[in-house]
Amino acid sequence: MTNRYEAMPHIESRVIPVDPFDLVIFGGTGDLARRKILPGLYRRFIAGQMPRDARIIGAARGDMDSDAYRKMVSDAIAEFGGQTKGSADTLKSFLSRILYVTIDARGEAGWSELQELMKGTGKVEAYYFSVSPALFGDLAERLQQWGMANSDARIVVEKPFGRDLETAKELNATLARYFEEDQIYRIDHYLGKETVQNLMAVRFGNMLFEPLWNAQYVDHIQITVAETVGVGGRGEYYDKSGAMRDMVQNHLMQLLCLIAMEPPARFDPDAVRDEKLKVIRALDPVLPHHIVRGQYEAEAGDENAHPSYREAVGDPRSKTESFVALKTHISNWRWSGTPFYMRTGKRMSARSSEITVVFKETPHSIFGAEAGQHRNVLSIRLQPNEGITLGVTIKEPGPGGMRLIDVPLDMTFSEALGDDAEQVDAYERLIMDVIRGNQTLFMRGDEVEAAWAWTDPIIQGWQTRGEVPKPYDSGSDGTVDSRELMRRDGREWREVAP
Ligand code: NAD
């Protein structure tokens, strides 16, 4: 076995094959399947994690046979597989494990064929619902009708999980009619990122941080998820959703939970999810003056420049936000008084997701006023360049007295662990967790409902007050009043750096 971690020869690569499985991808011809799920599975195949008799069964509305589907999968790997390596023989061997069934989630077509394929295989059975959420209930019902919702089967459910508390509750209730909670894997791909798990390793695997991880030592915490893309072709969907529903209620809330939760007694699914749930339930309601919204303006330039948000969604009066920034508090002993700031938006200056823990200043500076004020800053980068940086104060080298400077202790995973460290995409990690039956990195039904219970009043408040998002420049870091939100507190946002 070759060592993947060239820069760290003491670390051995350990890829443990999972149990034999059949994975049915409903929506197997869709955008998500082609961009993420199928190339991800191919990478796991190359890594040696897929057992010989594993099968991947695409199931979607398009009328084609398995050979045509294999061609589509091969094209998807070529287009979206990145630097995925693998010889022609490897690809051929992977494709030989792939089948396709034309199926209608709402009708009868294809179901007996799928049932026949899945009969008595004795393997792990997983059904990935990579289709519109409007079909989740239909698929669950059909799987039961056709005898495939047996007690070992697992379903993987994509986002969005509801659009408010009421619809999330309905969806949970629908799925619960056919499957137990321990069979339902609600995906939030942010939880599959290497750094997110490292966040837990850093917090709970080291003595260094946890004693300082509280209101006494932490000044504040920032979470930024910035995108450079606009709404693109998803305008119609996005305009019914907005940044609060599309990003904050799920991805940013999940990151907030992991950074703020108490140490679980064990790293097991319910122990971790119990602690996350406590964080969400301890969140204060957001006051109207602690949250701001924005819509991006058209990019400056010629006729090829990107249109404004309202142009992109085709509604000149749209009140949906493409940017949101807020301040919240967690009312418990650990965090009382520490603000948590979150922001996310489209068409921002760089694509960057980062969690930053800003520690307080030392209580007394022995170096005098001229040494300046310094703070340790721990930043956890999710994308791009996953890694962790700790800002440490040291003496500026050379003669001339005690001048202090802040330097980063930088651990960029791709540099420290070699190129392969970046090769495991969130989706492939999460799919392998489904096969292993490990729900730690998936959202539990009560977590999702609690997150909506916190989000709903914010959105209802905007609607009741008739609030309109403020414009912000494409390529900027959001609205002017988002900066004001920080400035009022004597703080500032971290630069959105690529
Ligand atoms: P898509 O529109 O590209 O593909 C939809 C798939 O569903 C197609 O394979 C289509 O054949 C199939 N389908 C539609 N109606 C069907 C029916 N009646 N019976 C059987 N199959 C049917 O959608 P997508 O972008 O791949 O998204 C799939 C899911 O993943 C959605 O829930 C979406 O919200 C979620 N998601 C997508 C992305 C992404 O990047 N595309 C990201 C996060 C979440």
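Helix 1 (residues 31–46) supplies three residues to the shell around the ligand, the largest share. Helices here are DSSP runs of H or I with at least four residues, strands are runs of E with at least two, and both are numbered from the N terminus. The model is predicted: local features need pLDDT of at least 70, side-chain atom pairs count only at pLDDT 80 or more, and totals for chains, interfaces and linings use all residues. Residues are numbered from 1 along each chain as its sequence is written, and side-chain values use heavy atoms, with hydrogens and water left out.

In total, 19 residues surround the ligand, the closest being Thr29, Asp31, Arg35, Ala105 and Val131. By class, the shell divides into eight nonpolar, five polar and six charged residues. Nonpolar covers Ala, Val, Leu, Ile, Met, Phe, Trp, Tyr, Cys and Pro; charged covers Asp, Glu, Lys and Arg; the others, Gly among them, count as polar.

Several polar contacts (pairs of N or O atoms within 3.5 Å) can be located in this shell. Thr29 places a polar side-chain atom 2.6 Å from an oxygen atom of the ligand, and Asp31 places one 2.8 Å from a ligand nitrogen atom. With Arg61 the backbone is involved: one of its polar backbone atoms is 3.2 Å from an oxygen atom of the ligand. The ligand taken alone exposes 830 Å², of which the protein buries 74%; these accessible areas come from the Shrake-Rupley method with a 1.4 Å probe.

Val377 stands opposite Gly391 in strand 13. The two strands form a hairpin with three residues between them, and Asn385 in the turn has a positive phi of about 50°. Pro384 lies in that loop as well, and the peptide bond from Gln383 to Pro384 is cis, with omega near -15°. Strand 13 also pairs in the antiparallel sense with strand 14 (residues 404–412), over nine bridges; here Ile394 stands opposite Ile405.

Most residues other than glycine have a negative phi, and most peptide bonds are trans. Another cis bond runs from Lys159 to Pro160, with omega near 0°; Pro160 is in the loop between strand 5 (154–157) and helix 6 (165–178). Arg347, not a glycine, has a positive phi of about 50° and is found in the loop between strand 10 (340–345) and strand 11 (352–359).

The mean pLDDT of the protein is 92, and 95% of its residues reach 70 or more; pLDDT is the predictor's confidence in each residue, from 0 to 100. Over residues 1–5 the pLDDT is below 50, and this stretch has 16 contacts in the model beyond near neighbours in sequence, a contact being heavy atoms within 4.5 Å. Where pLDDT is low, the predicted coordinates should not be read in detail.

Conventions
Near = heavy atom within 4 Å. Polar contact = N/O pair within 3.5 Å; in protein donor to acceptor, adjacent residues only side chain to side chain. Pairing = 2+ DSSP bridges.
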